[in-house]
Amino acid sequence: MMSQKMTENKQMTKMCFAEQVAAGLKNAIGGNSEVLIQNVRKNNGVVLTGVSIFSKDRNMSPTIYLEGSYEQYLEGEDMEEIVKELHACYTENCPENAFDTDFFIDYELVRERIAYRLVNREKNADFLKEVPFIPYLDMAIIFFCKIEHEELGSGMIQIRNEHMRLWGAEKERLFYDAERNMRRLCPELICTIQELLESAGDEQEIPEDMLREAGESGKLQMLVITNSGKSYGAAVILYEGVLDGLSERMQSSLAILPSSVHEMIVLPVKNEEEAAAFCGMVREINETQVETEEVLTDSVYFYDKHMHVLTISNKKIDECVPKAL
């Protein structure tokens, strides 16, 4: 019987599934609520299907992504049970109070909340057409507004080209203000691998192969750089003085290995050739152990302690560090 149900379930496409979920949620919530199906583009071109529920007395709703629920359905779980679980998720996470967005019209009210993150430039080429960004090596610096909600906690609003037109602002202004804000909004966290493992426990997401191979090559002299929230913490390498300070601390030039968009691993090296030796390892781990949405880049970076310059190992680049903006 279960096998027959699984076969029937697997004949339903994800969009048909989303439509049935939306209808079920609308019926469960009742009233004048509107349930919208949305395809949401995430980092590196990943597109997720979600539902958002809106009503007259609320101007925001968490997006509930359906990929996990769809997999459960394909494995034979009943649609009624899935809708019940998603309704409970909505009830638990939907804020009771409306969120005041009037401040977002005035850049002077936004500027103290502007922050940045690093993403892969090539993998996000289409997305970067819609948002202000600054090229950085083979990556891109993009901007967001960090917000705090009394019920939902911390969140972010992605800054898009239409916001720039509304404010009459340039991306250089965004970068200037974000630089002033980052250490306050997203303080850096620099720690040893052991300290990270002890604090993260089962939530530690740096691939084990990267930890093992980097540790063996670097004689365990490696540090992790991220931010206090451990979210898009790779951008900490942009903070003024961070790479200089790490180079002084290790008394060496540095190999910088991007383990994901959330953190970098730093190792002492004598020269660029030693740094470049990690390229194959980073590429393989990105392909086999890191979620597509979490990948930053396959590149390994070299920080020269004498020149105080960060480059892509064994590659010539034209882009400079945008500290002069």
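# Briefing on a predicted model

All eight of the eight residues of strand β10 are buried, so β10 is largely enclosed by the rest of the structure. The model is predicted. Its protein chain has a mean pLDDT of 85, and 81% of the residues reach 70 or more. Residues 316-325 have a pLDDT below 50, and this stretch makes 18 contacts in the model beyond near neighbours in sequence.

**The six-stranded sheet**

- Six strands form an open sheet in the order β8-β9-β11-β10-β12-β13, and their pairing is antiparallel.
- β8 (188-192) and β13 (309-312) stand at the edges; each has a single partner strand, so one side of each is left without a neighbour in the sheet.
- From one strand to the next, the twist averages 25°.
- Helix α11 (residues 242-250) packs on this sheet and touches β8, β9 (223-227), β10 (253-260), β11 (263-269), β12 and β13.
- The direction of α11 makes about 120° with that of β10.

- β10 and β11 run antiparallel and are joined by seven bridges.
- These two strands, β10 and β11, form a hairpin with two residues between them.
- L257 has I265 in β11 as its bridge partner.
- Three bridges pair β10 with β12, again in the antiparallel sense.
- Y303 in β12 stands opposite L254.

**Pairing of β12 with β13**

- Four bridges pair β12 with β13 in the antiparallel sense.
- Y301 has I312 in β13 as its bridge partner.

**Nonpolar cores**

- The largest nonpolar core has 56 residues, of which Y116 and F143 touch the most other members.
- Strand β6 (residues 139-149) supplies the largest share of this core, eight residues.
- A second, separate core of 21 residues includes L196, L267, V282 and V300.
- Leaving aside neighbours within four places in sequence, Y116 is in contact with I141, I142, F143, F144, F175, A178, E179, M182, A235, L238 and Y239.

- M182 lies in helix α8, which spans residues 171-185.
- The relative accessible area of M182 is 2%; this is under the 20% cut-off, so the residue is buried.
- Not counting residues up to four places away in sequence, M182 touches A115, Y116, P187 and Y239.
- M182 and R117 are 65 residues apart along the chain, and their C-alpha atoms are separated by 9.9 Å.

- S299 lies in the loop between helix α13 (279-288) and strand β12 (301-304).
- S299 counts as buried because its relative accessibility is 7%, and buried means under 20%.
- The side chains of S299 and D138 are joined by a polar contact of 2.6 Å.

Terms used. Residues are numbered from 1 along each chain as its sequence is written. This is a predicted model: local features need pLDDT of at least 70, side-chain atom pairs count only at pLDDT 80 or more; totals for chains, interfaces and linings use all residues. Side-chain values use heavy atoms; hydrogens and water are left out. Buried means under 20% relative accessible area, exposed over 50%, partly exposed in between (1.4 Å probe, protein chains only). A polar contact is a pair of N or O atoms within 3.5 Å; within protein, one must be able to donate a hydrogen and the other to accept it, and residues adjacent in sequence count only if both atoms are side-chain atoms. pLDDT is the predictor's confidence in each residue, from 0 to 100. Contact means heavy atoms within 4.5 Å. A nonpolar core is a set of buried Ala, Val, Leu, Ile, Met, Phe, Trp, Tyr and Cys residues joined through side-chain atoms within 4.5 Å. Two strands pair if DSSP finds at least two bridges between them. Axes are lines fitted to C-alpha atoms, for helices over the stretch in contact, and angles run from 0 to 180 degrees between N-to-C directions.
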